[in-house]
Structure formats: C-alpha cells, structure tokens
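Trainee: Could you show me how to read a protein model, feature by feature?
Mentor: Gladly, let's look at one together.

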Amino acid sequence: CIDRAGISGRDGETHNGQFDIAFLQHIPNIALFAPSTIGEFFDVLDYSATASTPVAIRYGKARPHDHSIECKSIFSWNYTILKGNEKAVVFACGPMVNSALEAAELCRANGIEIAVVNMLCIKPIDTNTLEELKHIKLWITAEDGCITGGIGSTISSYAAQNFTGIKVKHIGIPDNFVVHGSIEEIYELCGMTAKNIYDSVAKEV
C-alpha cells in the first residue's frame with residue numbers, strides 16, 4: 001500500500017507522492033490500483049491477500065468520498081451513463097474521479113455533455129472500455145501524479161497505436177517538483193481542479 005499518494009498538502013514538499021504511478025506501472029505483471037472510495041479500497045485489499053502477482057494500492061491523505069461510478073469489478077472501469085451526445089471523455093483515477101464528476105456538472109451547466117471514467121485499475125488498463133469509448137474523439141486524462149509516465153502517457157500511447165482521430169489532453173502534475181502548500185492550493189497551482197478539467201473540454205468543443 002502506498003500511503004499519501006498524490007498530493008499530501010502541508011506535510012511538506014518531500015511528502016508528495018507524485019512519481020509512484022510512473023515508476024510502478026513499468027513493472028511486468030503488477031496490478032496497480034487507485035481506489036476512489038472506501039468500498040473500492042477494501043475490494044482491492046481483499047484481492048491483494050490472495051493475488052499471485054505483485055499488487056500496489058495507492059491512496060491519498062484525504063478521506064475519499066462516495067460517488068456514482070464506483071467500480072463493481074476491480075479490473076473493469078466504470079463510467080457515467082452515455083447519452084449519445086458526449087463531446088469528450090475524462091479518464092480519472094483516485095481523488096480526481098470526484099473532480100471529473102464536478103467538471104461534468106460544470107460542462108452540463110454550459111450545454112456540454114461529457115463521459116467520466118473511473119480508472120480504479122491503472123494497470124492493466126481496461127481495453128474493453130477504451131474500445132467502447134473510441135467513438136468520442138476528445139479524451140482527457142486526470143491524475144494526481146506526474147503526467148510524464150503516468151496514466152496520461154499510457155492512454156495516449158494506447159490511443160495512438162490502436163485508434164485514429166482521437167485527441168488526448170492531460171491534467172496532472174507537470175514535469176517539476178511540487179512546492180509546499182495545502183492540497184487545494186497545489187491543485188490550483190498545477191491546474192488540476194474541476195474548473196481546469198472543464199476549461200480543457202470547453203476550449204476544444
């Protein structure tokens with residue numbers, strides 16, 4: 001288990017866990033999880049007790065909140081109900097799932113529909129879900145880790161190798177060290193808020 005993954009706030013600059021996704025997902029056969037609810041956490045913890053391959057579970061300092069797209073199967077992503085007029089899809093993990101759902105509400109208030117995907121399992125990726133959503137041509141990744149080597153890199157690589165006409169944009173920690181500050185301040189500084197996700201969509205549609 002990786003405690004204080006992502007942004008840990010006022011614990012100090014050296015306590016932010018921004019690199020774990022990038023270095024862990026290169027390990028062969030590892031299962032890497034980012035639960036966004038307490039229920040998901042216990043599900044993957046139960047799985048880890050009997051798994052025959054390495055398992056990593058990352059979670060942040062803040063207590064997670066329940067939401068509408070909790071994953072019922074640990075290796076299958078869950079996403080919002082499609083209406084058929086979605087302009088973008090946001091792939092989010094951990095605490096960024098709630099931010100993405102808030103962004104969806106902002107989009108809806110401004111006449112834009114988007115889909116939100118809960119990436120409980122970061123590795124292996126759920127290729128079935130990616131196939132199901134390939135008709136939506138704007139993909140945005142939202143993670144509380146570094147973009148380089150993170151889920152943004154993984155999703156971009158998969159889209160480039162398997163699909164045509166999909167544009168991928170990234171929300172996450174840029175390629176530098178995070179300064180000291182509260183979780184809210186750092187999210188603002190790194191452009192990781194629900195408003196930032198909304199802006200990324202609005203600029204493209």
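Mentor: Take M119 to begin with: leaving aside its neighbours within four places in sequence, M119 is in contact with A34, W77, F91, A92, C93, I151 and I155. Contact here means heavy atoms within 4.5 Å. Please keep in mind that this is a predicted model, where local features need pLDDT of at least 70, side-chain atom pairs count only at pLDDT 80 or more, and totals for chains, interfaces and linings use all residues. Residues are numbered from 1 along each chain as its sequence is written, and side-chain values use heavy atoms, with hydrogens and water left out.

Trainee: Which residues have the most contacts inside the largest nonpolar core?
Mentor: First the idea: a nonpolar core is a set of buried Ala, Val, Leu, Ile, Met, Phe, Trp, Tyr and Cys residues joined through side-chain atoms within 4.5 Å. Buried means under 20% relative accessible area, exposed over 50%, and partly exposed in between (1.4 Å probe, protein chains only). In this model the largest such core has 33 residues, and W77, V89, F91, M119, L130 and W139 have the most contacts inside it. Helix α5 gives the most to this core, with four residues. Apart from it lies another core, of 29 residues, among them A88, A103, I112 and C190.

Trainee: In what order do the strands of the open sheet come?
Mentor: Two strands pair if DSSP finds at least two bridges between them. Here five strands form the open sheet, in the order β3-β5-β4-β7-β8, with mixed pairing. At the edges are β3 (78-79) and β8 (167-173), each pairing on one side only. Two bridges join β3 to β5 (residues 114-118), and these strands run antiparallel. You can find Y79 opposite V117 in β5.

Trainee: Which strands does helix α5 lie across?
Mentor: For angles, axes are lines fitted to C-alpha atoms, for helices over the stretch in contact, and the values run from 0 to 180 degrees between N-to-C directions. Helix α5 (residues 151-162) lies across β4 (88-92), β7 (138-146) and β8, and runs at about 150° to β7.

Trainee: Which residues of helix α7 are buried?
Mentor: In α7 (residues 194-202), the buried ones are A194, I197, Y198, S200 and V201. Seen down the axis of α7, they fall within an arc of 160°, so they line one face of the helix. That arc is taken from the directions from the helix axis to the C-beta atoms. The buried residues of α7 pack against β4, α3 (96-109), β5, β7 and β8.

Trainee: How many salt bridges are there?
Mentor: A salt bridge is a side-chain nitrogen of Lys or Arg within 4 Å of a carboxyl oxygen of Asp or Glu. By this rule the count is 10. One of them joins the side chains of R58 and D20 (2.5 Å, N to O). This pair links distant parts of the chain, with R58 in the loop between β2 and β3 and D20 in helix α1, 38 residues apart. Both R58 and D20 are buried.

Trainee: Which residues are linked in a network of salt bridges?
Mentor: They are K83, E105, R108 and E113. Between R108 and E113 the closest N and O atoms are 3.3 Å apart. R108 counts as partly exposed, at 34% relative accessibility, whereas E113 is buried, at 14%.
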